[in-house]
Amino acid sequence: MQTILGASGQIGRELARQLKQDFTSEIRLVSRHPHRVNETDELLSADLLDAEQTMRAVEGSDIAYVTVGLPMDTRRWVEQWPVLMRNIIDACEKHGAKLVFFDNTYMYPQTATPQTEKTPFTPNGRKGQVRADIVRDLLQAMEDKRVEAVIGRAPEFYGPGKTQSITNATIVDNLKAGKAAKVFLRDDTRRTLIYTPDASRALALLGNTPDAYGQTWHLPCDDDRLTYRQFIQLAAEIFNTSARYKVLKRWQLRLAGLFSQQVRDAAELLPRYAVDNIFESNKFKKRFPEFGVTSYQDGLSAIKREGSTA
């Protein structure tokens, strides 16, 4: 049994499809209100903030994937992420399940220095700090042999369906709707973005590769890192719309933050948009040379096709 904890988000749903396609038909989907992705999926409703319910969710699992996503709410991150990680580690330890953690880069320095699996954690805010803390907790549990685990780390997303990211919310969704895109701070810095189906495919592959465990892996991205100006131009061509966009300055975002908690809670991530964001995934590509990374052209074209058939 391979179990997805936090199965209702875009990554969890695409992971379920990939596991069924390539690895197993014994899949358990766990969330507060789970829905089947494949006909054979087992559904289990659970609140992972409850230790007993988390134990029940993991019981009988060979592998537990953690694709939990919390809203961009600093208070909830600080209060809930340590509890979630503790409950999941305890449950995997008790039931002997391998743990596959889907991670982000919030704890990395927000500079132009290329990011690798050895990049030190120097968070810029409370959300980054809590991510650093829970990853350190997991690494310590791995070192103490409490759990056998692997970490798959991804940069910012773009993708189909209900993909939740700043790029989707401010650029992709606006252009699809024929509106002007919005860009934070600068349009000329290079961005590293991961296509959500690629992230899920890579996570499934890591979870089913025994020698991948005990390590952190940067999930594979297109090395043709576009600026937002180039990304918008390409998306507009594919979506057959105008490449209109507005660059939002710091003062405009501060002003917006007075009225929007979501904007306030995203503020700690702003420095990454002022510089090139170079996320390296060479380790994964060397270990899995057969893995095909989706180009921006193909990813945006798939998003367009989805919209035309919705």
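The dialogue below reads several local features of a predicted model.

Q: Which residues of helix α2 are buried?

A: Buried here means under 20% relative accessible area. In α2, which spans residues 51-58, the buried residues are T54, A57 and V58. Their arc around the axis is only 90°, so they lie on the same side of α2.

Q: What is found at the N-terminal end of α2, and what comes just after the helix?

A: The N-terminal end is capped by D50, with a side-chain oxygen 3.0 Å from the backbone nitrogen of E52. Just after α2 comes G60, whose phi is positive, about 85°.

Q: How are two packed helices described?

A: Two numbers are used: the angle between the axes and the distance between them. For α3 and α4 (residues 126-143), the angle is about 10° and the axes are 9 Å apart. Angles under 35 degrees count as roughly parallel, and α3 and α4 are therefore roughly parallel to each other.

Q: Which residues make the contact of α3 with α4?

A: From α3 come T74, W77, V78, W81, P82, M85 and I89. On the α4 side are R126, K127, V130, R131, I134, D137, L138 and A141. By type, ten residues of this contact are nonpolar, one is polar and four are charged.

Q: Where do K145 and L185 lie, and is each buried or exposed?

A: K145 sits in the loop between α4 and β6 (149-153). Its relative accessibility is 73%, so K145 counts as exposed. L185 is in the loop between β8 (181-184) and β9 (193-195). With 9% relative accessibility, L185 counts as buried.

Q: Where is V275, and which residues is it in contact with beyond its neighbours within four places in sequence?

A: V275 belongs to the loop between α9 (261-266) and α10 (282-287). At 24% relative accessibility, V275 counts as partly exposed. Apart from those sequence neighbours, V275 contacts Q110, T111, A112, T189, R190 and R191.

Q: How far apart are the C-alpha atoms of V275 and D224?

A: They are separated by 16 Å, while V275 and D224 are 51 residues apart along the chain.

Notes:
Residues are numbered from 1 along each chain as its sequence is written. This is a predicted model: local features need pLDDT of at least 70, side-chain atom pairs count only at pLDDT 80 or more; totals for chains, interfaces and linings use all residues. Side-chain values use heavy atoms; hydrogens and water are left out. Buried means under 20% relative accessible area, exposed over 50%, partly exposed in between (1.4 Å probe, protein chains only). Helices (H or I, at least four residues) and strands (E, at least two) are DSSP runs, numbered from the N terminus. The arc is that of the directions from the helix axis to the C-beta atoms. A polar contact is a pair of N or O atoms within 3.5 Å; within protein, one must be able to donate a hydrogen and the other to accept it, and residues adjacent in sequence count only if both atoms are side-chain atoms. Axes are lines fitted to C-alpha atoms, for helices over the stretch in contact, and angles run from 0 to 180 degrees between N-to-C directions. Angles under 35 degrees count as roughly parallel, over 145 as roughly antiparallel, 65 to 115 as roughly perpendicular and the rest as oblique. Contact means heavy atoms within 4.5 Å. Ala, Val, Leu, Ile, Met, Phe, Trp, Tyr, Cys and Pro count as nonpolar, Asp, Glu, Lys and Arg as charged, and the others, Gly among them, as polar.
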